[in-house]
Amino acid sequence: MTENKAMTDAGWKFDNSYARLPQSFSTRVDPTPVRSPSLAVLNGPLAEALGLNAEALRGEEGIAALAGNRAPSGAEPIAQAYAGHQFGHFTMLGDGRAILLGEQIAPSGARFDIQLKGSGRTPYSRGGDGRAALGPMLREYIISEAMHGLGIPTTRSLAVVATGEPVYRETELPGAILTRVAASHLRIGTFQYVSAWQGAEALRTLADYALARHDPDAAAEDDRYLALFRRVIARQAELIARWQLVGFVHGVMNTDNMSIAGETIDYGPCAFLDVYDPATVFSSIDAHGRYAYGNQPHIGGWNLARLAEAMLPLFDPDEERAIGLAEEALSAYSELYRGHWLSGMRAKLGLLGEEADDETLIAELLELMQRHRADYTNTFVALSSEVPAGIGLFSTTDFARWQASWEERLARQSASREDVRRAMRARNPSVIPRNHRVEEALRAAVEEDDYGVMHRLLGVLAVPYAYSPEQAEYAAPPPSSDRPYRTFCGT
Ligand code: AMP
Ligand code: MG
């Protein structure tokens, strides 16, 4: 029986279209084998969706593949080249600690990048060791799966394997490898790299590749490169609106961390808001608040302008005309963002249809939440259920006044109050990956090899709109502390 299972084929079915692109786009490099890999966590439902056999992945062969010790058949491991603006400064980067095994063709026919993160040095590693620590990889697993549960486009996490080797950061930490699954790893920075150093023909090749992979229906349009740019703008506008709506702070919105496919990618210093404050910054390296919660929509536009610059030669041979076209396309971003955000906020407040004063109503609530340091998630949860009398924000006369106008607005709708509540609960998560809960799960896993805490957390985060009784304890804000939560890049 066990032998049979071990013999079962994991179901890898690779096609490696990126490796067939011009040589300058990537470097053929194998993961560096690790000493004694052990499986920390495997994502069964994701494995199945990818056409992979979870039992086989748990076996010795399977773990060897997820550890980078043995390439699964059909894999053609590469490190991808890219550049990027990091905190505003342009630089050459590339996969310094990640290796793309290949593209898995799922039973649905969809193509997914299978990437090992923390799999050893590559030609793009610069001074780094090419490795990752267990805590940050488990953190990426938890938060990316939480984003998926929230219904927000994201790269996913198939597995985390502990390497049995130490990595050296400020202290010695256990090493690990995360298997990241993505629609692709095309970044704004990929276009910047090719545009800056590989010439016009390579740029066209990259854009045609992106079109074929993500927007095949736009590939037939006359101005297909402009169409691609517009698609990327539309995806980023919606993605960032959805981050804002759940209080997600990405933390490192460098252009190399912005996906052409519109997925949330690169879970380093990210975290969710507790108290609502647009100035919130979690990342210890973001000294000036460039990537603060309230600045994310603006930075999204800034990043898209960098993509426009990189794509410029594709829009028109005449630079002036190309700039005009790019600016025109880019001008749609703010409106698109605002539209998604506004309709999302209306839904969070149960507002059906549109009234001229809705924006004021929304703005006033946010202003009250900020002034009274209200918990972002739980304020909307309370409004979706029963507003608790007499605590925090809800005890203030300001709020009572706001609530009266909100109730009046709801009363002008024909929907019953119960229907409105139900609709609101579908748009206001009752649980998010609270920083103290994530930390607690990581501590148990990393320090005590107890993965139960993490699995319970993952179970709750998989269905964040369930409003089930067992979720109540996960909804509690952190115990008050005078030290703000800080995140580190985990590199
Ligand atoms: P990130 O901040 O994770 O977006 O990474 C920025 C760049 O640094 C990318 O090119 C990474 O591949 C590279 N990098 C991050 N950590 C390491 C590491 N430990 N070893 C080598 N390269 C790294
Ligand atoms: Mg990155």
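## Charges and a metal site in a predicted model

At 40% relative accessibility, Glu-55 counts as partly exposed. Here buried means under 20% relative accessible area, exposed over 50%, and partly exposed in between (1.4 Å probe, protein chains only). This is a predicted model, in which local features need pLDDT of at least 70, side-chain atom pairs count only at pLDDT 80 or more, and totals for chains, interfaces and linings use all residues. Residues are numbered from 1 along each chain as its sequence is written, ligands are numbered from 1 in the order in which they are written, and side-chain values use heavy atoms, without hydrogens and water.

**Salt bridges**

Side chains of opposite charge can pair when their charged atoms come close. A salt bridge is a side-chain nitrogen of Lys or Arg within 4 Å of a carboxyl oxygen of Asp or Glu. The count comes to 36 salt bridges.

| Pair | Distance |
|---|---|
| Glu-55 and Arg-58 | 3.7 Å |
| Arg-213 and Glu-103 | 3.9 Å |
| Arg-434 and Asp-274 | 2.9 Å |

Glu-55 and Arg-58 both sit in helix H3 (residues 54–58), three residues apart, about one turn of the helix. Helices (H or I, at least four residues) and strands (E, at least two) are DSSP runs, numbered from the N terminus. Arg-58 is partly exposed, at 41%.

The salt bridge of Arg-213 with Glu-103 spans 3.9 Å, N to O. This pair links distant parts of the chain, 110 residues apart: Arg-213 is in helix H7 (residues 199–214), Glu-103 in strand E7 (residues 98–105). Both residues, Arg-213 and Glu-103, are buried.

Arg-434 and Asp-274 come to 2.9 Å at their closest N and O atoms. They too link distant parts of the chain, 160 residues apart. Arg-434 and Asp-274 are both buried. Elsewhere, salt bridges that share partners join Asp-15, Arg-20, Glu-103, Arg-111, Asp-113 and Arg-213 into one network.

**The magnesium ion**

Which residues are the protein donors of the magnesium ion (ligand 2)? They are Asn-257 (OD1) and Asp-266 (OD), 1.9 to 2.2 Å from the ion. Donors are N, O and S atoms within 2.8 Å of the metal (3.2 Å for Na, K and Ca); water is not among the atoms, so sites may look incomplete. Asn-257 is buried, with a relative accessible area of 5%.

**An exposed arginine**

Arg-401 lies in helix H14 (residues 397–411). Arg-401 is exposed, at 58% relative accessibility. The C-alpha atoms of Arg-401 and Asn-257 are separated by 42 Å.
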